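Dear colleague,

Please find the structure below, together with its sequence.

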Amino acid sequence: MCLERLCRSGQCGAAGPRAGAARLPGTCPSPSHSRPRHGAGLAAPQGRSALDLGMSATQAPDTQDPEGAGTCPEDVPSLKEIEQLLNSGRPSCNHVDEVWPNLFLGDLVTAHNRFILWKMGVTHVLNAAHGTAYSHGGQDFYGATIDYYGVPAHDLPSFDISQFFFSAAQFIHNALNTPGAKILVHCAVGVSRSASLVLAYLMINHHLPLVEAIKTVKEHRWISPNRGFLKHLRNLDVQLRQRKDC
C-alpha cells in the first residue's frame, strides 16, 4: 500500500503544532493572510500540463545510473542512508506546511479549498497529481487569480518523476520571484510526489545537496518519497555535484 493511501485511510499519525505549519480552520491557526495577487510566471495555459512544457531529453539529467557509479560516489550518501534520514521523526499528515519562505507543501484537501487558498494568499499552484484519481485541479478550477501548473505523476516507484524536475523547479522559481506571490505544491497527501518536486527545486535552484534539502523540508513537514523517486533524486544529486565539482 502506497504511503498516500495509508495517510488517507487515517493510519498515519498527526504531529502537534510547530513552527512554519499552516493549518486549515478548526485545527491550528493559519499563517498571516493576504489576498492573492495574480503573478506572472510559467503558468500553463488552459488545458496544458507539464507534459506540454517539460524538459527535452537533452536538457534533463541522466537517470540511467541512480547509484551514481563513477561520479563522485564518495560524496553522495547511499539510498539506505537517505531512507534512514527520511524515516526519522514522527510521521505527520498535516494538510499543509510552509517548508520554505512562501512555499507551501500540502494535500488535496488544501488544494481543493479555494477559500483557504485565498486566505493563505496563494497565487500559484503546482499539482503533482494532475489528471489522476481524486485530483480536480486545473486553470478552470482556480480562475484568473491563481497560476496553475500540472504534473501528471503517479506515486509508483516505476514512474520517472525526474522528467519533471527542471520544469517544476522553474515554475516554483518563477512564482517565488513574483512580488507578493505564494505557491502551493501538492499531490494527494503531500509527502511523495509533491515532496520530490520541492526537494528537486531546492537542489537545482538553491544548490542544496539532497540530504540538506531533506533536512530543510523535514524541519516543517514529514515527507516520504517512494524508493523510485529517491533513486531519481539521488541521481540528480550526483549530476549536480558532477557539474559543480568533478
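This is a predicted model: local features need pLDDT of at least 70, side-chain atom pairs count only at pLDDT 80 or more; totals for chains, interfaces and linings use all residues.

Residues are numbered from 1 along each chain as its sequence is written, and side-chain values use heavy atoms, with hydrogens and water left out.

Salt bridges

D97 and R221 form a salt bridge, with their closest N and O atoms 2.7 Å apart; the term denotes a side-chain nitrogen of Lys or Arg within 4 Å of a carboxyl oxygen of Asp or Glu. Because D97 belongs to strand β2 (residues 96–100) and R221 to the loop between α9 and α10, the pair ties together parts that are 124 residues apart in sequence. Helices (H or I, at least four residues) and strands (E, at least two) are DSSP runs, numbered from the N terminus.

Three salt bridges are found in the whole structure. Another joins E83 to R227, again with a separation of 2.7 Å between the closest N and O atoms. It connects helix α3, which holds E83, with helix α10, which holds R227, across 144 residues. R227 is partly exposed, at 43% relative accessibility. R241 and D237 also meet in a salt bridge (3.0 Å, N to O), and both are buried. These two lie four residues apart in helix α10, which means that about one helical turn separates them.

Packing of α3 and α9

The axes of α3 and α9 are 10 Å apart, at an angle of about 10°; axes are lines fitted to C-alpha atoms, for helices over the stretch in contact, and angles run from 0 to 180 degrees between N-to-C directions. The two helices are therefore roughly parallel, a label for angles under 35 degrees. I82, L85 and L86 of α3 meet L210, V211, I214, K215 and K218 of α9, contact being heavy atoms within 4.5 Å.

Nonpolar core

The largest nonpolar core has 44 residues, of which L126, F165 and L197 touch the most other members. Such a core is a set of buried Ala, Val, Leu, Ile, Met, Phe, Trp, Tyr and Cys residues joined through side-chain atoms within 4.5 Å. Helix α8 gives the most to this core, with nine residues.

With kind regards

Note on methods. Buried means under 20% relative accessible area, exposed over 50%, partly exposed in between (1.4 Å probe, protein chains only). Angles under 35 degrees count as roughly parallel, over 145 as roughly antiparallel, 65 to 115 as roughly perpendicular and the rest as oblique.
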